[in-house]
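Hi there,

Here is the structure I promised to pass on to you. Have a look at it first, and then read on for what turned up in it.

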Amino acid sequence: MTIAFPQFHWAYLLPVILVVAGAVFILLWDAFFPQRERSFLVTLALAVLASALGASLAAQPGSEAASMGGMYLYDGFTRFVFALILLSSFLSVLLAAAQRSLDEAPAGDYLGLILFATSGMMLMAATRSLLMVFVGLEIFSLSLYVLAGFLRGQPEGNEAALKYFLLGSFASGFLLYGMALIFGAAGSVDLMEIAQRLTTHPPSRSPAFLLGLGFVVVGLGFKVAAAPFYMWTPDVYEGSPTAVTAFMSVGPKVAAFAAFFRILLAVGPRAGAELDAILWVMAVLTMTAGNVSAIWQSNIKRMLAYSSIAHAGYILVALAAVRRGSDLATGSFLFYMLVYALMNMGAFCVVVAAGARGGERTRIEDYAGLGYTRPALAAAMALFMVSLAGIPPTGGFVAKFYLFGAAVKAGFVWLPVIAVLNSVVSVYYYLRLVVLMYMHEPGEAPARPSLGPGWSYALAALLLAAVGVLNFGIFPSSFFELALRSTLLLN
Amino acid sequence: MAPLEHYLILSAALFTLGVVGVVVRRNAIVVFLCIELMLNGANLAFVAYGSFLDSLDGQLIVFFVMAVAAAEAAIGLAIVVLIYRNRESTDVDDVNLLKL
């Protein structure tokens, strides 16, 4: 048996290398010079993420020969997903710097962990090998388990970390066993070789393969918080520090959906109608459960958690369309993730900015009258809520329009109809917050909680998200075309 | 050499024991041990398939999984210690501050 060493392509690896090197540097710097200003580390983390974004945009997507044995695949899809992941990490670093309850926490630790998680997400999205999917997933999951319980003195944080850890590792166990079964049935963990093998050996005759695929869907379904594996989401989102919650609601979903997407693209066309049915049911259950449960929530982080579950349901609609080989679905999937990242991070950013050192405003009633006490913040929140509900002229509307249109083009009829009905339900709880902010008197909440030293970070994150959401709503075509082109280079 | 089925049945048994343990047991450390059992069930399947298919991939993957499991143990035990310090219990039923 000979082992062929693949050629290294440093230009393609550079984004990941930059992020990892930055994470190690920040961790060590904070260990050796703990008395330094926190703003230095924050600036450094932002610079690292920005340069990684630059490096990934500068690298022209490569051919098959440059895939390093399938372990690291740098195609147009990877490039778009990298940009998305780096953008969400950038916003999370800004939020972490703005959040008052993280002021006393060691900055090097959480910034380093955010960067390590980012590298794991990037690796997970940029591979054709199931092994790398697992390793990437564990890199970011382990970082997020720690980040969830980062405020050690808070019992809610501890609890979120324990729940996330136990249920997350449980799901990883399923994922790994599924991969073992697929490896046994197909003789490889490389998705391309698996796809080739499936053309000669139809999967319907291999129960091990189908079982393995089912387990992999369970494992990934957990990470993207799809029904019926979403039970952990509201608890973990509520208990974690808000900046971390914002990161958790976007980054892992992008990475896990990207891996899910690659797996479906490889095995989907050959796995037949049973996979169609599973995705259909999962999508409908996920969006309905998310939207219906969000109505009853009194905590804004829990409401946003259920809202993110509902959005995972909409994205599953795109995956079902991708399974049928729709190119349009790939583009609208990428575009939806981009808009979702901005509007969801933006909403969490308002939650961070509305909080004070004494306590965060997490109850929905706390937002009553915000339109009078903090008009700019309330306007931003209203924009993000309108966008999450999918009302024009925001990015949320355009993204949903493309997504459901792609599902119709792929031959689904009832799935988009149910999705649109779900969006109607979601308008209720998104707009309830807007009504509360503008049409109710302010409660006895602190009138003008001071933001403290982090206000400029919060402002930057808010501006970035708000401008993005509006821009994609009014001028969506150039970015949508970019997303569409990102799929053409996919092999 | 024993046929492949024997290894697979053992690995499936290990995995199932792990799943049942996670669902039934209430102590966080025991739950975590059961998760490790699941991972090792998968590991055994990888090694058995690798040997049967005459492919090094199976054994290679197990090394990665072992490294991941070690990192997971470090973080998991740290979280359990944190929980124990704050509330003198490692029972997952006591961890109920956030409504389910």
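Please keep in mind that this is a predicted model. I'll begin with chain B, whose secondary structure amounts to three helices and zero strands. Along the sequence that gives the pattern α-α-α. Chain B is more spread out than a compact globule, because its radius of gyration is 17 Å, well over the 13 Å that the globule rule gives for 100 residues. Along the principal axes, the C-alpha atoms of chain B fill a box of roughly 50 × 25 × 20 Å.

Of its 100 residues, 34% are buried. Among the contacts in chain B with a separation of 6 or more, 48% are between residues 24 or more positions apart.

An unreviewed UniProt entry places the feature "transmembrane region" at residues 6–24, 29–49 and 61–84 of chain B. In the model, residues 6–24 of chain B are 100% helix and 0% strand, with 27 Å between the end C-alpha atoms. Residues 61–84 of chain B are likewise 100% helix and 0% strand, and there the end C-alpha atoms lie 34 Å apart.

Now to the place where the two chains meet. How many residues of chain B are in contact with chain A? The count is 36, and they touch 33 residues of chain A. On the chain B side, the elements giving two or more residues are helix 1 (4–24), helix 2 (28–53) and helix 3 (57–87). Helix 3 of chain B gives the most to that side, with 15 residues. By residue class, the side of chain B that touches chain A divides into 27 nonpolar, six polar and three charged residues.

Finally, the core. The largest nonpolar core has 238 residues, and those with the most contacts inside it are A:L95, A:I182, A:V254, A:V317, A:A318, A:C349 and A:M381. Which element gives the most to this core? It is helix 13 of chain A (residues 327–354), with 22 residues.

Happy exploring, and do write back with any questions!

Best wishes

Methods:
Residues numbered from 1 in each chain as written. Chains lettered and ligands numbered in written order. Predicted model: local features only at pLDDT ≥ 70, side-chain atom pairs only at ≥ 80, totals over all residues. Core = buried A, V, L, I, M, F, W, Y, C linked by C-beta atoms within 7 Å. Buried ≥ 20, exposed ≤ 12 C-beta atoms within 10 Å, placed from the backbone. Helix = DSSP H or I, 4+ residues; strand = E, 2+ residues; numbered from the N terminus. Rg over C-alpha atoms; globule rule 2.2 N^0.38 Å. Contact = placed C-beta atoms within 7 Å. Nonpolar A, V, L, I, M, F, W, Y, C, P; charged D, E, K, R; others polar. UniProt positions renumbered as here; feature names shortened; annotations may be inferred.
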